[in-house]
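Grab a pencil and work through these exercises one at a time. Try each task yourself before you read its solution.

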Amino acid sequence: IRKLNKYDIIFCLIYSLALYILFNYVSYLNNLLGIADVYNNFSKPSCDPNAYFCRPLFIQFLYYYLSRFIGIDLILFLQIFFLIFSTLLIRIQLINIKLNTWIINLLCLSLIINPKILKYSLSTMEEAFYLPCLLIVISLLIRFISKTNIKNLVYLNSFLALLLLIRPGAAVFYFLIIIINIIYLLKIENKTYKIKTLLSLMFFIILLSPFLINKILDNNLVLKKNTNNYFAMAALSSLIAKQKKELNYDPTSQFVNSRIQKMNNIRQVEKLDLIPNLYFECMIFPAMNHVIYNDPQILNFFKNNDSINLNKEMLNLYVKNFFKRPGDFLLIFQQCFFANSLMINILTKKEINNIEKILIHPIFDDNDKSIIKSFLKNSKKYSFTVKPVRIITISLLVATFISLIISIKSLASNKNDKIAILSIMFFLMYCLIIVLHANLIYVQTRWFFTYYPLMMFSNLKLIEL
C-alpha cells in the first residue's frame, strides 16, 4: 500500500515554489490567471452595519490571524502547497485502488496546472482553502470506501465539517455523510450498544460543530442592528427567477409577484436560442433580483423587511411553492445544472450581439442594463474560447453519464464494487452542490472550476475500464 512519505512533502514544496515563481513572475502565465484578488491588509473581521447580510466569518478570521504572523507572499505559497499536497493525497489513494498510474497522473496534473484553479491559490479568497479541503475530502472518501473503519470515518467527518465552516453551502454534502454514518453504525460488528451510542454522539458533535462555531462568530461580531439575511437574499432571487406563475396573495408574495411579472415580460421580448435563453434564466434573472446588484425595488424590500424572521419567512415561502409546483422547479433546476456544467456564462460574439440588441427594449431599466452589460463584458474576454470549451465540457459531461450508467450496472451485479460506489458518490456530490449553487445563486465559472474535481472523479469507473 502506497503511503505518504518525506519525499512526497519535498516534492510538494519544490513544485509549489516553482508554480509560485512561474505564475507570479512570468507575464504570459500570470495573464492566464485573469484577475486574482489579493489583499495585503486584513482588518479584524466585522460586518457592515448598513448591509443586509454578513458573509461567513471563519475565512475572514483565518486570513486576519495568518496576516499577523506571516506576509502575503508566504500565505500565497502555503495556499499553493495545500493545493498540491491535497492533490497528492488523492493520487496516493487512487494508486491504492489499482487504477492506471499514467491516467492518475494526468488527472492530477489537470488540477495543479490549470490556471483557473491555480488562480484561487494565488488569491485571498475562500476557494484558496475551500478547494484543497474539498480535495482532502475526496481522498478521505476514497480511503474510507477502500478501508472502512472508525478512524477513516472520523477523518472524513472532520474535514467535511471544516469544509462547511469555510463555506456554508457545503452543508448539502451532509445528506450523503449522514447516510454513510448511519449505514456504518448499523453494520459495525463487535461493538456494544454503549460504544455505538458514544460513536454516534462523537460523529454528531463533529458534524454539528461548524454550525455552532459560525453561530458564535455571528453572535459576537454581527452588530445587533445588522440582520444577517444571507439566506433570504439568495432565496428571494432564486424564487423570482425560477417561478413563472404568481404566488398566493400576501405582502411578501405581492412584491414577489410584481418581480415575476417583470421577468415574464422580459421572456416575451424575443424568443432566444438555447444558450442565450439559459443565460437569462440561470444568470441574468437571478442577478437582477439579488440585493448585491442594488436594484432599488430589491433594496427597498430588504429595508422594509429587515427583521430576524426574514430568513425563516423566505425559507417557508420557497419550500411551500416548491411543493406546490415541484415540476416547474425541478425542470429549471435541471436546466441550470446543465448550464453550469457547460459554462454558458461564456458566449460567442454572435450570442453577445443578439443579447445587446435586446437591451434597447424599454422593459430594461438602467440597473438591469448595467448588470447585463457587466456580465457581457466579462464574457467578451473569453468569447474566442467558446467552441473548444463547449466541446470539452460536453464531452466531459457525456463521459460522466456513461460512467454513471456503467457504475450502476456494475453495482447491480456486484454490491462490493468499490470503484462503482465511489463514482456514484462523487456524481451525487457534484449534482447536489451544483444544483444548490447554480439555482440558489446563479451560474458561474467559479462553481465549475471549484467542483470540477467531483465531476472528474465521477468517471473513476470509466477510467478503470
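**Exercise 1. The span of a helix**

At 1.5 Å a residue, what span should the 15 residues of helix α15 (residues 310-324) have, and how far apart are its end C-alpha atoms?

First, a word on what you're looking at: this is a predicted model, where local features need pLDDT of at least 70 and side-chain atom pairs count only at pLDDT 80 or more, while totals for chains, interfaces and linings use all residues. Residues are numbered from 1 along each chain as its sequence is written, and side-chain values use heavy atoms, leaving out hydrogens and water.

Step 1: Helices here are DSSP runs (H or I, at least four residues), numbered from the N terminus. The expected span is 1.5 Å times one less than the number of residues.

Step 2: For α15 that rule gives 21 Å, and the end C-alpha atoms are 21 Å apart, so the two agree.

**Exercise 2. Which way does the helix face?**

Find the buried residues of α15 and work out how they are arranged around its axis.

Step 1: Sort by relative accessible area: buried is under 20%, exposed is over 50%, and partly exposed is in between (1.4 Å probe, protein chains only). In α15, the buried ones are L310, M314, L317, Y318, N321 and F322.

Step 2: Look down the axis of α15. The buried residues fall within an arc of 130° (taken from the directions from the helix axis to the C-beta atoms), so they line one face of the helix.

Step 3: Check the face turned away from that buried side: K312 and F323 are exposed there.

Step 4: See what does the covering, counting contact as heavy atoms within 4.5 Å.

Step 5: Now compare α11, where 11 of the 13 residues are buried, so the rest of the structure largely encloses it. Its buried residues pack against α12, α13 (274-288), α14, α15, α16 and α20 (418-440).

**Exercise 3. Rings**

Describe how F329 and F333 pair up.

Step 1: Rings of Phe, Tyr and Trp (its six-membered ring) pair if their centres lie within 6.5 Å; planes under 30 degrees apart are stacked, over 60 edge-to-face, and the rest tilted. The structure holds 29 such pairs.

Step 2: F329 and F333 sit 6.1 Å centre to centre with 70° between the planes, so by those cut-offs they are edge-to-face.

Step 3: They are 4 residues apart in helix α16, which puts about one helical turn between them. Both F329 and F333 are buried.

Key. Helices (H or I, at least four residues) and strands (E, at least two) are DSSP runs, numbered from the N terminus.
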